[in-house]
Structures are given as C-alpha cells and as structure tokens.
Amino acid sequence: VEWDFEAPVYDDMELVAVFMMNRYTVTFTEGVIESATVNSGETVAAPPEPYKEGYEFDGWYYILQPVGIEVKWDFTKPVTSDITLHPKWTPIEFTVTFTVYEGDTPTTYKTETVEYGKAVARPEDPADRADAKFSFWQNRNGAEWNFETPIREDMELVGVFEINMYTVTYANTDMKPYDVYHGYELGAPGDPYKDGFTFGGWYADSTCSEKVGDAGQKITKANF
C-alpha cells in the first residue's frame with residue numbers, strides 16, 4: 001500500500017520504494033493504427049502496411065535527431081522514448097513503348113519510363129516514309145493519345161501515318177483532276193478527243209518522253 005506520510009508511526013517499519021515502468025507512445029502518421037503504447041525496452045508490433053495508390057510501401061521511418069536524418073525503423077529494436085513513424089513511399093513506374101509499323105512489321109521507336117500519375121513526354125515525330133507522312137500517336141483502342149493524360153499502367157502507343165495522296169491532272173483536256181493514294185492503281189480514263197488529232201496516249205511530262213502505262217499502273221508521284 002502506498003504510504004501516507006501524514007500517518008503516525010508507532011513502531012519500527014520499512015518503506016519500500018516502488019518504481020513504475022516508463023511507458024512510451026509510438027505514433028503512426030498513416031494507416032489503420034494511429035498509435036501504440038509500450039513499456040520501456042519492449043518492442044512495438046508492426047502495424048498492417050498502409051496503402052497509397054500508385055506507390056509501393058517501403059517501410060516505416062523516423063527522423064533521427066538532432067541530425068535530422070531519415071532512418072528506417074527496426075521492429076526488433078526496443079522502444080526507449082516516444083517516437084513518430086511515417087511510411088516511406090516509392091512511386092510505381094510504368095513503361096510506355098512507342099511503336100511504328102513498316103507494313104505488318106512492328107519496330108520499337110522509343111521507350112519511356114514514367115512514374116504513376118505523370119504524363120509521358122511526346123517524342124520527336126518519326127521520319128516520314130516514302131509513301132506516307134507521320135500524323136499522330138494512338139493507343140490500343142485506336143484513339144489519338146493526349147499527352148497530358150496521366151499514365152497508370154504499362155502501355156503501347158502506335159504511330160499513325162497518313163498515306164500520301166496525289167492529284168493526277170489530265171493536261172490539255174477538259175477532264176477533271178483525279179486524287180489517288182500512293183501505291184494505288186490508277187484506272188485508265190477514256191481517251192480524250194481533239195478535233196483534227198489522233199490521241200497518242202498519256203505521258204507524265206510535258207515533252208511526252210515518259211509514257212504512262214495502261215490501267216493498273218501504281219501511283220508513286222504526283223501531277224501526270
């Protein structure tokens with residue numbers, strides 16, 4: 001019983017000092033457990049790992065004073081003072097692959113590593129091909145990619161090229177010009193008529209030295 005020092009003494013007696021175990025509070029700044037109280041020299045149990053979207057949990061840390069260094073807490077270490085532990089987060093990184101096709105053959109044009117929630121930088125446009133000009137990058141759904149969109153997964157962006165279109169002009173006639181894509185076959189038009197002349201065929205130059213073949217010739221340049 002705790003001695004009342006106002007009580008009278010009637011005989012010899014012994015009073016025994018009683019020491020109370022120091023107790024300390026461990027505070028967790030995030031997670032389902034806010035704090036825990038432990039006796040001095042005991043360990044504190046590790047709480048369930050907290051969750052943060054887009055990040056990996058890297059452990060509980062405290063600030064070592066007075067130097068201010070961030071140190072990872074060892075849960076086998078005895079607690080000897082009040083302490084505050086905070087989680088350390090490492091951003092999850094994703095890979096964005098830029099792919100271009102030459103026919104049916106894919107080629108990796110560039111890869112970028114992007115932290116979760118950040119936007120990937122638009123790369124320099126690929127060089128135009130002989131038959132097409134680069135237009136934009138599209139995602140797996142075929143939609144043009146907005147480079148302000150945050151990245152939340154590994155993904156592939158495919159370069160879209162617009163096939164060159166040429167205008168075939170039938171000079172020295174009243175026939176209307178005709179638009180045709182690179183490599184497409186040009187059907188032979190009907191022979192034009194000019195009074196007093198016999199039609200001698202179609203030529204790709206004004207000197208009539210480069211004759212255009214029959215129907216089925218593939219177009220790879222403009223302005224016949």
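Predicted model: local features only at pLDDT ≥ 70, side-chain atom pairs only at ≥ 80, totals over all residues.

Student: What makes strand 3 and strand 4 a pair?

Tutor: Two strands pair if DSSP finds at least two bridges between them. Strand 3 and strand 4 are joined by four bridges, and they run antiparallel. They form a hairpin with four residues between them, and Gly 68 in the turn has a positive phi of about 75°. By the way, strands are DSSP runs of E with at least two residues, helices are runs of H or I with at least four, and both are numbered from the N terminus.

Student: Which other strands are joined to strand 5?

Tutor: Strand 3 (residues 55–64) and strand 5 (residues 83–91) share five bridges and run antiparallel. In that pairing Phe 57 stands opposite Trp 89, and Trp 60 has Pro 87 as its bridge partner. Strand 1 (residues 23–28) is joined to strand 5 by three bridges, this time parallel, with Thr 27 opposite Thr 84.

Student: Why are strand 2 and strand 4 said to stand at the edges?

Tutor: The five strands make an open sheet in the order 2-1-5-3-4, with mixed pairing. Strand 2 (35–39) and strand 4 (69–72) each have a single partner strand, so one side of each is left without a neighbour in the sheet. On average, neighbouring strands of this sheet are turned by 35° against each other, direction ignored.

Student: Now the rings. Why is the pair of Phe 98 and Phe 147 called stacked?

Tutor: Rings of Phe, Tyr and Trp (its six-membered ring) pair if their centres lie within 6.5 Å; planes under 30 degrees apart count as stacked, over 60 as edge-to-face and the rest as tilted. The centres of Phe 98 and Phe 147 are 6.4 Å apart and the planes are at 10°, so the pair is stacked. Phe 98 is in strand 6 and Phe 147 in the loop between strand 8 and strand 9, 49 residues apart.

Student: What makes Phe 98 and Phe 147 buried?

Tutor: Buried means under 20% relative accessible area, exposed over 50%, partly exposed in between (1.4 Å probe, protein chains only). Phe 98 has 0%, so it counts as buried, and Phe 147 at 15% is buried too.

Student: And why is the pair of Tyr 109 and Trp 137 tilted?

Tutor: The pair has 5.9 Å centre to centre and 35° between the planes, which puts it in the tilted class. Tyr 109 lies in strand 7 and Trp 137 in strand 8, so the pair ties together parts 28 residues apart in sequence. Tyr 109 is partly exposed at 33%, whereas Trp 137 is buried at 1%.

Student: Which residues do ring pairs link into a cluster?

Tutor: Phe 98, Tyr 109, Phe 134, Trp 137, Phe 147 and Phe 161. The structure holds ten aromatic pairs.

Student: How do you know that a charge sits over the ring of Phe 161?

Tutor: The rule asks for NZ of Lys or CZ of Arg within 6 Å of the ring centre and within 35 degrees of the ring normal. The charged end of Arg 129 sits over the Phe 161 ring, 4.4 Å from its centre. Likewise, Lys 88 lies over the face of Tyr 61, at 5.0 Å from the ring centre.

Key:
Residues numbered from 1 in each chain as written. Heavy atoms only, no water. Axes fitted to C-alpha atoms, helices over the stretch in contact; angles between N-to-C directions.
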